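Subject: Structure handover

Hello,

Here is the structure for you to look at.

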Amino acid sequence: MILLWGLKDDSPLQLVREKLIEKGIDHLFLNHSDILETQLEIEYSEKPRGTLDAYGSRYQMEDFRAMYLRPYDFRQFPHFKDFDEKSDEWRHAITFEDILWGYAELTHATVLNRPSSMLSNSSKPYQCMLIEKNRFKTPETLLTTDPKEALKFKEENGEVIYKSISGSRSIVNILDNSHLDRMKDLRWCPTQFQRFIRGDNYRVHVVGNQVFTSRVVSEATDYRYGAAIYEFAELPNVLKKSCVSLSKSLGLNLAGIDLKRTSENEWYCFEVNPSPAYSVYENSTGHQISLAIAEFLSSV
Amino acid sequence: MYIILASQVDDIAQELIPHFPSRTAWILTPADLSQPGWSIHTADPINFVFVVEGESHCSTEINGVLCLLPCVFGPELVQIEKEARDYVASEMTAFLKFWLSTLSCPILNPPTAGCLSGPNWRREQWARAALDAGLQVSPFIRRTCPQCSSDKSEGRMITVTLIGSKELGENVSGLYDQVRGLAKVAGVNLLQVTFMKTKRNDSYLFYDANTFPSLQGARATQLIMEYFNGG
């Protein structure tokens, strides 16, 4: 049996669920929103084993041979708005999540993705070190609290962007004269500056050994916040193999890799997303990513 | 120069300082990251400039780092606007994770993807590592029901702390070898392990572990220094 954990209106999860239903593959969709009505118990001795009580049934955890986990922040659920961190409801939700993530870390089942494998994304320069070890190019980068260093970096590199260092989402912006007044605020926290790489954006989804490439056509510096069209594309074989290898080296069975190709045909890698929201790419390009995920989960 | 990376409210860090040779140990807190002067080029991380206790230094001056912070906590950042503290804490944690990863000096403990100092493991993950290291493990249950978790064994608890390859504290035959084995599996050099001595047959079962042991006194500092100096 396959476990899907997340919300009903999460497209990446629901696309996979539809494929599992079409193929008649046994699975349980555990709605994260139903967390207060679910119980979990895991015994840790030689091998972890336990039970999940949900929707009037008891499931043996060892019977889940694969899992696709896309939970959200339970504090944002409408039915949690009346509870605070001291409530039994919060304690139950936090405990449930912690137990399930702990089990996901240790189970022999296939997991998309194990919690520890996803953590490199919490620090972009840290993850870039791992990306470079896999022989991908990454842009010249400065982390600083010093306005003079930032301006010197801009002078040396021409166009420069700034973005968050952590996994917190930020809008990527080009550093220009309109920012000069705010440069003094750099002292409060290290900020990440990178040489802006001009070229074509690509998002590559890796599922196991399969690679699905989308070219992003956009005028925006950060296409996620501007108009963008996603087109079906193919990578050169050597690059496909590198993407698979990179994902595996990070311990990821599912990954969304951000690449850029320059006019000189140089390829840069910016980030590996361990929980990619692939659905918009699938819907635009026809790539069968959800089918690949469903087949990957059911192949074990 | 030795760096102790710690919260500004960490009294233990302050208490360790007098046991280091004079003026060799510096406490670096998250407040230091809100100072102008930090600069690191990822292409040349070795020669970066950092700020500690208000002074600029080069990374090449660092001979060892003792990391007492799992991450930066938002509430500590009193110098930052309240609404931005959690975000800034994430940024500082991400920055420190990278910075510590570039250092070539000895670090207690080296950062991992999940924590600034060693792996941020749950009890069950430590238990698995202990099994992999050949230790006997006390079984336990984790559950969401109101009674919470339970342990399946009972007995007296004994704690063993390892700094580098040396023991700090109570010396019980055979346990330090087990702790060294677990430390090797976990990739750490600073580790505290709790064992349970069973009533049934007087054996010691692994109970739990953590990478933030209590470090107090001259002996702890002596072992830290030995580790930094290759001992």
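Predicted model: local features only at pLDDT ≥ 70, side-chain atom pairs only at ≥ 80, totals over all residues.

Residues are numbered from 1 along each chain as its sequence is written, chains are lettered from A and ligands numbered from 1 in the order in which they are written, and side-chain values use heavy atoms, with hydrogens and water left out.

**The interface**

The size of an interface is often given as the accessible area lost when the parts come together. Here chain A and chain B bury about 3700 Å² between them. Buried area is the accessible area (1.4 Å probe) that two parts lose on being put together, summed over both. Carbon and sulfur atoms account for 57% of it. On the chain A side, A:Tyr44, A:Tyr126 and A:Trp188 supply 15% of the area buried against chain B, more than any other three residues.

Chain A puts 42 residues into the contact and chain B puts in 39. Contact means heavy atoms within 4.5 Å.

Polar contacts come next. There are 23 residue pairs in polar contact across the interface, both residues at pLDDT 80 or more. A polar contact is a pair of N or O atoms within 3.5 Å; within protein, one must be able to donate a hydrogen and the other to accept it, and residues adjacent in sequence count only if both atoms are side-chain atoms.

Which elements give two or more residues to the side of chain A that touches chain B? They are β3 (39–44), α2 (88–106), α4 (124–133), β8 (141–144) and α5 (147–157) of chain A. Helices (H or I, at least four residues) and strands (E, at least two) are DSSP runs, numbered from the N terminus. The largest share, nine residues, comes from α2(A). By type, this side of chain A divides into 19 nonpolar, 15 polar and eight charged residues. Ala, Val, Leu, Ile, Met, Phe, Trp, Tyr, Cys and Pro count as nonpolar, Asp, Glu, Lys and Arg as charged, and the others, Gly among them, as polar.

**Strands**

Two strands pair if DSSP finds at least two bridges between them. β3(A) pairs antiparallel with strand β8 (residues 140–143) of chain B, over four bridges. There A:Ile42 stands opposite B:Arg142. β8(A) pairs antiparallel with strand β3 (residues 39–41) of chain B, over three bridges. In that pairing A:Thr144 has B:Ser39 as its bridge partner.

β8(A) also pairs within its own chain: four bridges join it to strand β11 (residues 191–195) of chain A, again antiparallel. A:Thr141 stands opposite A:Gln194 there.

In a regular strand the side chains alternate between the two faces of the sheet. In β8(A), A:Thr141 and A:Leu143 point one way, A:Leu142 and A:Thr144 the other, and all are buried. Buried means under 20% relative accessible area, exposed over 50%, partly exposed in between (1.4 Å probe, protein chains only).

**Salt bridges**

The structure holds 21 salt bridges over all chains. Three are between chain A and chain B. The rule is a side-chain nitrogen of Lys or Arg within 4 Å of a carboxyl oxygen of Asp or Glu.

Look at A:Asp98. Its closest N and O atoms are 2.9 Å apart in the salt bridge with B:Arg142 and 2.8 Å apart in the one with B:Arg122. The second pair runs from helix α2 of chain A to the loop between β7 (107–108) and α3 (123–132) of chain B. A:Asp98 is partly exposed, at 26% relative accessibility. A network of salt bridges links A:Asp98, B:Arg122, B:Glu124 and B:Arg142.

Within chain A, A:Arg195 forms a salt bridge with A:Glu140, at 2.8 Å between the closest N and O atoms. A:Arg195 lies in strand β11 and A:Glu140 in the loop between α4 and β8, so the pair ties together parts that are 55 residues apart in sequence.

**A buried residue**

B:Phe95 lies in helix α2 (residues 85–102) of chain B. It is buried, at 1% relative accessible area. Leaving aside neighbours within four places in sequence, B:Phe95 is in contact with A:Leu143, A:Ile165, A:Pro190, B:Leu33, B:Trp38 and B:Ile40.

Best wishes
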